[in-house]
Amino acid sequence: MMKKCSYISIFFLLISLMGCQKEKTPVQSPGLSDFTLNVARVGQPSFTLTNPKSKSSGAFSFKTSDTSLVAIQANLVTIKKSGTCVITAIQQATESFSKDSITATLIISPRLPPMLTFVIPDKKVGDPPFILTPKSESNGEITFKSNNVAVALVVGNLTTIKGPGKAVITAYQAQSGIYDAYSFSANLVVTDALIAETLTDIDGNVYKTVKIGNQVWMMENLRTAHYRDGTIIQNVTGDSHWGTQPSGAYCNYNNNPELGKTYGFLYNWYAVNSDRKLAPQGWHVPTSAEWTILYNYIGGDRYSGGKIQESGNSHWINDTGASNITQFTGLPAGRRNADGTYESITYHGNWWTATANSIETASYYNLYVKGYIELAESFKSLGYSVRCIKD
């Protein structure tokens, strides 16, 4: 009898437990959403991950697919290097919600260049020491170095002029935060321009001259109407005749003698190359190589032209800050085209070299109003200015 009662009790207990299980709420998904990450950058401070949206109150943990890129401690992310990885947010189960996870892609960009720059004004021998003042988006430490201490010595950011020539000053900036290590170089050209003797051409025109480096140049454009031996250079005024000249010719801009007095004459290359010699005695029209010596002396790049360009806007259309520190005093005499028309006065200075490139073309240097100077090639029939250099 007792045994039978025990079986009955166990039976009713099982029925009761089954009933309780039927009444229990089923486990749900927490519905994770809104887990996104902004683009990160190497060098930025560690940042905190924000938990995804969830219906559950379960605890979150995070992990990365690439521990070489980021380290995660709790919800704090520390960037190690650039790349792309996946961050997984994992929510633990609760009584009512299941365990679940959601992922987001983290893109890590490299450090930025700090855009370090500085400008060195034109200098001449005897100028006082000056401070280098760089600009940069980074606060990394900046140090300077001169590659030619015979020209300029840099201590800290103080630069002392030592002699004429060219030095490259380089600023080195240390890595800091999101900004990478960086360097920037600028040319320092120190001139020793000395006014030299005057010279007189065969027509009696007197020219000032200047010593620039190891060369002595005219400070004015040539305006002689005769070759060195006294032979007359043909003055061609008609448009239709200018470009057809097989021999030397000259003209005034717009056939205006007053402009010729100011800017000098425009010559075709045949006059430059004449056996009768265009330059006065003891002087010659410089070759492309001799012009290049001057070009390199003032900096050796197209932005160096302001060092030989007349300052102000007495003759140039705009004052673009040219220093004329060499005293070369380049003027914008323009040019005469092959069809005889004139153009570019007040905008361009053009000077023939004595160097031919082909049967039809020769080299010349062009100086634009903004201080740009470049070696170029032109048909020999065009009319350009001439500067002479001492033998």
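## Salt bridges

R223 is buried, at 16% relative accessible area, in this predicted model. The cut-off for buried is under 20%. R223 pairs with E220 in a salt bridge, and their closest N and O atoms are 3.2 Å apart. E220 itself is partly exposed, with a relative accessible area of 22%.

A second salt bridge joins the side chains of D229 and R276, at 2.9 Å from N to O. D229 sits in the loop between β19 (215–218) and β20 (234–235), and R276 sits in the loop between α4 (269–272) and β23 (283–284), so this pair ties together parts that are 47 residues apart in sequence. D229 is partly exposed, at 45% relative accessibility. R276 is also partly exposed, at 42%.

K124 and D127 make another salt bridge. Here the closest N and O atoms lie 3.3 Å apart. K124 is partly exposed, with 43% relative accessibility. The count of salt bridges comes to 10.

## The largest pocket

The largest pocket has a volume of about 480 Å³. Its lining is made up of 26 residues. Closest to the pocket centre are I120, D122, Y303, S304 and K307.

Strand β14 (residues 182–191) gives the largest share of this lining. That share is 5 residues.

## A three-stranded sheet

An open sheet holds 3 strands in the order β2-β5-β4. The pairing is antiparallel. β2 (47–48) and β4 (70–73) stand at the edges. Each has a single partner strand, so one side of each is left without a neighbour in the sheet.

β4 and β5 (residues 76–79) run antiparallel and are joined by 4 bridges. A71 takes part in this pairing: its bridge partner in β5 is T78.

## A nonpolar surface patch

V149, L153 and V155 form a nonpolar patch on the surface. Together they have about 250 Å² of accessible area.

V155 belongs to strand β11 (residues 152–155). V155 counts as exposed because its relative accessible area is 57%, and the cut-off for exposed is over 50%.

Methods. Residues numbered from 1 in each chain as written. Predicted model: local features only at pLDDT ≥ 70, side-chain atom pairs only at ≥ 80, totals over all residues. Heavy atoms only, no water. Patch = residues over 30% accessible without salt bridge, like charges linked within 9 Å, V, L, I, M, F, W, Y side chains within 5 Å. Areas by Shrake-Rupley, 256 points an atom, 1.4 Å probe, with all protein chains shown as cover. Salt bridge = Lys/Arg side-chain N within 4 Å of Asp/Glu carboxyl O. Helix = DSSP H or I, 4+ residues; strand = E, 2+ residues; numbered from the N terminus. Buried < 20%, exposed > 50% of the residue type's maximum accessible area, 1.4 Å probe, protein only. Pairing = 2+ DSSP bridges. 1 Å grid on protein atoms, 1.4 Å probe; cavity = no way out; pocket = protein on both sides within 12 Å on 5 of 7 lines; lining within 4 Å. Points joined across faces, edges and corners; volume = space filled by probe spheres on them.
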